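Dear colleague,

I am passing on the structure below, together with some notes on what turned up when I went through it. Please read the notes with the structure open beside them.

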Amino acid sequence: MSQLVLPLRLADHAVFASFFAAGNDSLVATLSDLADCREGHGCWLWGSAATGKTHLLQAVCDRAGDRSVYLPLSTLEEAGPAILDGLASRQLVCIDDIDRVAGDASWEAALFDLCNQLSDAGAQLVVAASMTPRECPIDLPDLASRFSRLPVFQIRALDDEQRIAALKLRASHRGLELPADTARYLIKRSKRDMASLYRLLDRLDLEALRAQRRLTIPFVRDVLQW
C-alpha cells in the first residue's frame, strides 16, 4: 500500500491470518470491522512488549489498503510532529507507540489537531501504547479527553500452549510444518516472548530451506547449537 510520503513498509507476515487471536478475539473482530470500513470510530489497544500491537496495527492497514496509513512513532519520533500533516486525508490512521511522545507539547498539540480533523472527516483512529489512556502521561487535557473516548482493549499475553499454537500458525503461514514437540523445545530453550520466538522461526526457516530439512528437534539443536 502507498503510505503518503512516509518511507514505511508493512511486514509481509503482519496480517490477521497469521495472528493467533486466543484471548483477544473481541479486539481482532473490532479491528477487522474497522479495516473493512464497518461501524466504529477507532480504538486504543495496549499491552506489554511483544504481545502483538504492531502486528495488529499493520494487519489493519494491510486489510484497509490505500485508505489507511501506519505511523510507528518509535521510528519516526525524531522526525517531529510535522509528519502528521496530511494524514487526515486517510480514512483510517493507525499510530503505534503513542506513549513515546506523551508529554511533548508540540507532539500533543499536533495529535489533538489530527484527532479533530479525523473526527470532522468521519475517519477512524487506532492507537497502540504500552498502557491505558488514563495511565498514559499526556499533559494536554483536551487530547487526553479525546483518547479517553476510544474503546480500550488490552492484548492478552499467551500461555505456553497458546505460544505453541501461535508458532505453528506462523510457520504454516510461511509454508512450514512445525511439529508441536519442536515448538515446545523452542519455548523451553529460548526467551518466551513471541517476538524472540518468531525471530528464531525466521532463522530456522532460512536454514531449513538451505538444508532441505524438516524442523525436527535434532535439526533445531544443530542450527541453534543448543
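**Salt bridges and their surroundings**

Asp205 is buried, with a relative accessible area of 14%, where buried means under 20% relative accessible area, exposed means over 50%, and partly exposed is what falls in between, all with a 1.4 Å probe and protein chains only. Before going further, please note that this is a predicted model, in which local features need pLDDT of at least 70 and side-chain atom pairs count only at pLDDT 80 or more, while totals for chains, interfaces and linings use all residues. Residues are numbered from 1 along each chain as its sequence is written, and side-chain values use heavy atoms, with hydrogens and water left out.

The side chain of Asp205 meets that of Arg174 in a salt bridge, at 2.7 Å from N to O; a salt bridge here is a side-chain nitrogen of Lys or Arg within 4 Å of a carboxyl oxygen of Asp or Glu. This pair links distant parts of the chain, since Asp205 sits in helix H8 and Arg174 in the loop between H6 and H7, 31 residues apart. Helices (H or I, at least four residues) and strands (E, at least two) are DSSP runs, numbered from the N terminus. Arg174 counts as partly exposed, at 33% relative accessibility.

Salt bridges that share partners also join Asp160, Arg163 and Arg192 into one network. Arg192 lies in the loop between helix H7 (180–189) and helix H8 (194–211), whereas Asp160 belongs to helix H6 (residues 160–173), so the pair ties together parts that are 32 residues apart in sequence. Arg192 is partly exposed, with a relative accessible area of 38%, and Asp160 is likewise partly exposed, at 31%.

A further salt bridge brings together the side chains of Asp36 and Arg63, at 3.1 Å from N to O. Asp36 is in the loop between helix H1 (25–35) and strand E1 (42–46) and Arg63 is in helix H2 (residues 53–64), so this pair ties together parts that are 27 residues apart in sequence. Asp36 is partly exposed, with a relative accessible area of 32%, and Arg63 is partly exposed too, at 38%. A search of the whole structure finds 8 salt bridges.

**The protein as a whole**

The protein has 9 helices and 5 strands, and read along the sequence they follow the pattern α-β-α-β-α-β-α-β-α-β-α-α-α-α. With 226 residues, a compact globule would have a radius of gyration near 17 Å, and the protein has 19 Å, which agrees; the radius is taken over C-alpha atoms, and the globule rule is 2.2 Å times the number of residues to the power 0.38. The C-alpha trace spans about 55 × 35 × 35 Å along its principal axes.

Of the 226 residues, 50% count as buried. Among contacts with a separation of 6 or more, 74% are accounted for by residues 24 or more positions apart, a contact meaning heavy atoms within 4.5 Å.

**Strands and loops to look at**

Val69, which has its place in strand E2 (residues 68–72), is buried, with a relative accessible area of 0%. The C-alpha atoms of Val69 and Cys94 are separated by 6.2 Å, although these residues are 25 residues apart along the chain.

Gln124 is in strand E4 (residues 124–129) and counts as buried, at 5% relative accessibility.

Most residues other than glycine have a negative phi. Ala50, however, has a phi near 65°, a positive value; Ala50 is placed in the loop between E1 and H2 and is partly exposed, with a relative accessible area of 30%. Asp97 also has a positive phi, near 60°, and lies in the loop between strand E3 (92–96) and helix H4 (105–121).
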